[in-house]
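Q: Before we look at any single feature, could you take me through this model step by step, giving the general idea each time and then the case at hand?

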Amino acid sequence: MRIKILDGLFAIFLFLPLRIFASNFVVFDENILNEKVKNEIKLIGSEIYDKTGIFVGVAIGDATPFEILLTKQKELPPPYILLALSRSSHKVDIVGTKDALAFFDREAVLSPFAGTGTILPILASQKGDIYNAAILNGYGDICDRLARYFHLDLEHSIGNANRDTLNIMRILLYGFICFALLYFFQRRRKIRA
């Protein structure tokens with residue numbers, strides 16, 4: 001009986017540091033992210049970690065060079081994904097283990113085009129608090145793409161409400177143009193006949 005209790009305590013102490021570490025998904029921050037963004041990242045990150053086992057972290061620096069931020073990935077539990085942004089180096093990237101990066105399209109998240117990318121278009125806008133918005137949108141997009149790959153529904157998700165609204169508007173606009181062209185050609189055909 002005493003051996004079972006000792007084994008149980010050993011297991012708790014063995015996995016407790018991993019669980020404590022997994023609860024802090026902002027692995028480095030030089031006072032750039034506000035508390036609301038940190039809390040949202042914690043909610044999304046812990047849910048994706050619990051459901052997939054993939055650690056998705058954020059490292060953001062003000063004066064810290066980008067190369068130093070990339071060294072933070074050595075401290076992460078595999079499989080992991082790290083979203084790193086350095087203001088002084090003017091660089092942003094997504095790094096991770098091969099198996100974790102295979103579950104989503106990294107290039108789409110980092111795309112400079114507003115239709116696909118979620119980080120660089122915000123950083124290019126220079127309106128408002130771009131770093132908090134870019135990190136939260138990028139982090140949310142990575143986790144949403146992981147959830148889609150694993151066919152999961154996330155309770156805590158940023159979602160793509162703006163992208164969905166834009167796509168609906170495009171469909172309506174193109175539908176109206178097609179309808180107008182069809183009406184024009186049909187009308188023209190009736191006049192000739």
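A: We begin with burial: a residue is buried under 20% relative accessible area, exposed over 50% and partly exposed in between, with a 1.4 Å probe and protein chains only. This is a predicted model, in which local features need pLDDT of at least 70 and side-chain atom pairs count only at pLDDT 80 or more, whereas totals for chains, interfaces and linings use all residues. Residues are numbered from 1 along each chain as its sequence is written, and side-chain values use heavy atoms, with hydrogens and water left out.

Q: Which residues of the largest nonpolar core touch the most other members?

A: In soluble globular proteins, nonpolar side chains tend to be buried together. A nonpolar core is a set of buried Ala, Val, Leu, Ile, Met, Phe, Trp, Tyr and Cys residues joined through side-chain atoms within 4.5 Å. Here the largest such core has 47 residues, and Ile41, Val56, Ile81, Tyr139 and Ile142 touch the most other members. Among the elements that each supply at least two residues are strand E1 (26-29), helix H2 (35-52), strand E2 (55-61) and helix H7 (130-149), and H7 gives the most, with 10 residues. Helices (H or I, at least four residues) and strands (E, at least two) are DSSP runs, numbered from the N terminus. If contact is taken as heavy atoms within 4.5 Å, Ile41 is in contact with Phe25, Val26, Leu33, Val58, Ile135, Leu136 and Tyr139, leaving aside its neighbours within four places in sequence.

Q: How should I read helix H2, and which of its residues are buried?

A: An α-helix has 3.6 residues a turn, so residues three or four places apart point the same way. In H2, the buried residues are Val37, Ile41, Ile44, Gly45, Glu47, Ile48 and Tyr49. The expected span of a helix is 1.5 Å times one less than its number of residues; for the 18 residues of H2 this should be 26 Å, and the end C-alpha atoms are 25 Å apart, which agrees. At the N-terminal end, Asn34 caps H2 through a side-chain oxygen that lies 3.2 Å from the backbone nitrogen of Lys36, while after the helix comes Gly53, whose phi is positive, near 85 degrees.

Q: What are the ring distance and plane angle for Phe25 and Phe55?

A: A pair of aromatic rings is described by the distance of the centres and the angle of the planes. Rings of Phe, Tyr and Trp (its six-membered ring) pair if their centres lie within 6.5 Å, and planes under 30 degrees apart count as stacked, over 60 as edge-to-face and the rest as tilted. By this rule the count comes to 7 aromatic pairs. The rings of Phe25 and Phe55 have their centres 5.0 Å apart and their planes at 25 degrees, so the pair is stacked.

Definitions and conventions: Polar contact = N/O pair within 3.5 Å; in protein donor to acceptor, adjacent residues only side chain to side chain.
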